[in-house]
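The entries are set down by topic.

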Amino acid sequence: MCVPIYIPIGQHIGFFVALLTNSLLLYLIKTRAGNSFERYRVMMICFSVYSIFYATVETLTLPVLHIQGSGILFYVNSILKENVKWGVVIITLYCGSFAFCISTLATHFIYRYIAVCRSTKLYYFDGYKLYLWFLPPLVMFSAWATAIQFIYVPNPETRDFFRNMTREVYEENIDQIAYVGPVYYTWENGKRQFRLPDLLGGLFICNIIGLSFTTCIICAYKTYKKLNDFSTQMSNRTRALNKQLF
């Protein structure tokens with residue numbers, strides 16, 4: 001059994017939808033977002049442009065994920081599938097791009113929190129300082145991509161672990177396709193042997209995800225609470241605008 005045809009079709013449809021919606025958003029930001037958006041306008045433009053880039057990278061990857069026991073296979077199903085060198089590069093870029101995406105989303109929530117709850121601190125986003133807020137997402141991107149490159153690239157152990165599955169399930173030769181993936185433990189002589197680098201890499205990646213989403217949740221809760229606290233002095237127009245952006 002190969003990868004069902006509807007999966008790459010869905011992925012390509014997703015790319016065109018992302019391209020269309022983000023292009024529309026950029027047009028609306030340019031034509032409709034007035035001075036009331038100020039700094040946030042720049043952040044929306046950057047996020048929208050990045051979303052188009054992310055969708056493009058995903059289309060060049062067409063990732064397929066398969067969980068088998070203690071291992072997770074993540075392989076390229078695009079035109080780069082049998083180009084192991086560049087296939088691994090594109091899938092590493094894709095994984096790092098996901099880290100950049102969720103951490104940039106967290107940055108948006110931080111901005112919304114400061115704008116609503118700590119408006120006197122908005123000077124943190126003035127001038128060049130605004131662009132400094134994109135450094136943490138870049139660090140997350142680099143850290144995730146580095147972890148993939150140093151820990152999860154193809155090696156003899158993971159090839160042997162996934163060999164039969166890829167042949168039986170996907171009709172692929174593991175030696176000829178670009179993939180990354182951890183194997184957290186194997187069995188040797190009836191004993192479980194943990195693979196420490198793979199475990200630490202997984203923990204590191206989970207921390208990036210957890211930190212980003214925890215930031216979103218905390219900032220969202222505090223912002224929501226503030227916007228619905230009518231004892232706070234805030235004009236109806238400002239409250240309505242911040243609710244829309246929130």
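The entries below cover the basis of the model, a helix, the annotated regions, the sheet and a pocket.

**Basis.** I note that this is a predicted model, in which local features need pLDDT of at least 70, side-chain atom pairs count only at pLDDT 80 or more, and totals for chains, interfaces and linings use all residues. Residues are numbered from 1 along each chain as its sequence is written, and side-chain values use heavy atoms, with hydrogens and water left out.

**Helix α2.** I looked up α2, residues 38–61, which has 24 residues. Helices are DSSP runs of H or I with at least four residues, strands are runs of E with at least two, and both are numbered from the N terminus. From first to last C-alpha α2 reaches 36 Å, close to the expected 34 Å; the expected span is 1.5 Å times one less than the number of residues. Leu62 follows α2 and has a positive phi, near 45°.

**Annotated regions.** From the unreviewed UniProt entry I took the annotation "transmembrane region", which covers residues 6–29, 41–66, 86–110, 130–152 and 199–221. Such annotations may be inferred rather than shown by experiment. I find residues 6–29 to be 100% helix and 0% strand, with end C-alpha atoms 34 Å apart. Residues 41–66 are 81% helix and 15% strand, and their end C-alpha atoms are 39 Å apart.

**Sheet.** I recorded an open sheet of three strands in the order β1-β2-β3, with antiparallel pairing. The edge strands, β1 (63–68) and β3 (179–180), each pair on one side only. Two strands pair if DSSP finds at least two bridges between them. Six bridges join β1 to β2, where His66 stands opposite Leu73 and Ile67 opposite Ile72. In the hairpin of these strands, two residues lie between them, and Gly69 takes a positive phi near 55°. Two bridges join β2 to β3; Tyr75 has Tyr179 as its bridge partner in β3. Is β2 mostly buried or exposed? Five of its six residues are buried (under 20% relative accessible area, 1.4 Å probe, protein chains only).

**Pocket.** I then turned to the largest pocket, which is lined by 17 residues; Leu65, Ile72, Cys95, Trp144 and Ile205 lie nearest its centre. A pocket is an open set of points on a 1 Å grid over the protein atoms alone, where a 1.4 Å probe fits, with protein on both sides within 12 Å along at least five of seven lines; lining residues have an atom within 4 Å of a point. The largest share of the lining, four residues, comes from α7.

Definitions and conventions. Buried < 20%, exposed > 50% of the residue type's maximum accessible area, 1.4 Å probe, protein only.
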